[in-house]
Amino acid sequence: MTLKQKINFFKSEAKRFIAIHGLINYAVFFDSDENPECRASCEMPDSNRQLTIGYNETWLRQTDDCDEISKTAYHEVIELLLAKLRLMASEKESYYSNVMIDEEIHRIIRLLENIYFDKIKKIS
Ligand SMILES: [Zn+2]
């Protein structure tokens, strides 16, 4: 696949997972995000219910694994699913640090990836 085809595949997979999870009350935008530590990103939705899902073009150029591209899109959609929880847990009076919250959210995301991703990738 060309880079453009991989970007379009990432976007269409994210849109499909958003629809499957009923997260349809957001205006979702996509943009490249070249943070070298992340394959992709999910910005916290703002009060206008807009958010941007980012994809790392450097990573996309290096991979030809469609399952990994799809799973990365799934990961960001689960980040969106848990975004409000992350926001609530990160209130400045929170007992927990942002690192602890991020670890717990990623424990849940990896669990969902490992249990459901193979099933959900087949749903259209
Ligand atoms: Zn994540």
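A residue is called buried if 20 or more other C-beta atoms lie within 10 Å of its own, exposed if 12 or fewer do, and partly exposed in between, with the C-beta atoms placed from the backbone. Ser 41, with 17 C-beta neighbours inside 10 Å, therefore counts as partly exposed. The structure is a predicted model, in which local features need pLDDT of at least 70 and side-chain atom pairs count only at pLDDT 80 or more, whereas totals for chains, interfaces and linings use all residues. Residues are numbered from 1 along each chain as its sequence is written.

**Overall form**

The protein has 5 helices and 3 strands; helices (H or I, at least four residues) and strands (E, at least two) are DSSP runs, numbered from the N terminus. Read from the N terminus on, the order of these elements is α-β-β-β-α-α-α-α. The C-alpha atoms fill a box of roughly 45 × 30 × 25 Å, taken along the principal axes. Buried residues make up 19% of the 124 residues. Two residues are in contact if their C-beta atoms, placed from the backbone, lie within 7 Å. Among contacts between residues at least 6 apart in sequence, 56% join residues at least 24 apart.

**Two helices**

The expected span of a helix is 1.5 Å times one less than its number of residues.

| Helix | Number of residues | Span, first to last C-alpha | Expected span |
|---|---|---|---|
| α1 (3-20) | 18 residues | 26 Å | 26 Å |
| α3 (66-81) | 16 residues | 23 Å | 22 Å |

The buried residues of α1 are Phe 10, Glu 13, Ala 14 and Phe 17. Seen down the axis of α1, these residues fall within an arc of 100°, so they line one face of the helix; the arc is that of the directions from the helix axis to the C-beta atoms. The face of α1 turned away from its buried side carries the exposed residues Lys 4, Gln 5 and Ser 12. The cover over the buried residues of α1 includes β3 (50-55) and α3. After α1 comes Gly 22, whose phi is positive, near 70°.

In α3, the buried residues include Ile 69, Ala 73, Tyr 74, Glu 76 and Val 77. Their cover includes α1, β2 (40-42), β3, α4 (83-89) and α5 (98-120). Leu 112 belongs to helix α5 and counts as partly exposed, with 16 C-beta neighbours inside 10 Å. Leu 112 and Tyr 74 are 38 residues apart in sequence, and their C-alpha atoms are 9.5 Å apart in space.

**The strands**

Two strands pair if DSSP finds at least two bridges between them. Strand β1 (residues 27-32) pairs with β3 in the parallel sense over 6 bridges, while β2 and β3 run antiparallel and are joined by 3 bridges. Ile 53 in β3 stands opposite Phe 30 and also opposite Cys 42. Leaving aside neighbours within four places in sequence, Ile 53 is in contact with Ala 14, Val 28, Phe 30, Ala 40, Cys 42 and Glu 76.

Ser 41 lies in strand β2. Beyond its neighbours within four places in sequence, Ser 41 is in contact with Asp 33, Asn 35, Gly 54 and Glu 76. Ser 41 and Phe 30 are 11 residues apart in sequence and 9.9 Å apart from C-alpha to C-alpha.

The loop between β2 and β3 holds Arg 49. Arg 49 has a positive phi of about 60° although it is not a glycine, and it is exposed, with 10 other C-beta atoms within 10 Å.

**The nonpolar core**

A nonpolar core is a set of buried Ala, Val, Leu, Ile, Met, Phe, Trp, Tyr and Cys residues joined through C-beta atoms within 7 Å. The largest one has 15 residues, of which Phe 10, Ala 14, Phe 17, Ile 53, Ala 73, Tyr 74 and Val 77 touch the most other members. The elements that give two or more residues to this core are α1, β2, β3 and α3. The most comes from α3, with 6 residues. In soluble globular proteins, nonpolar side chains tend to be buried together.
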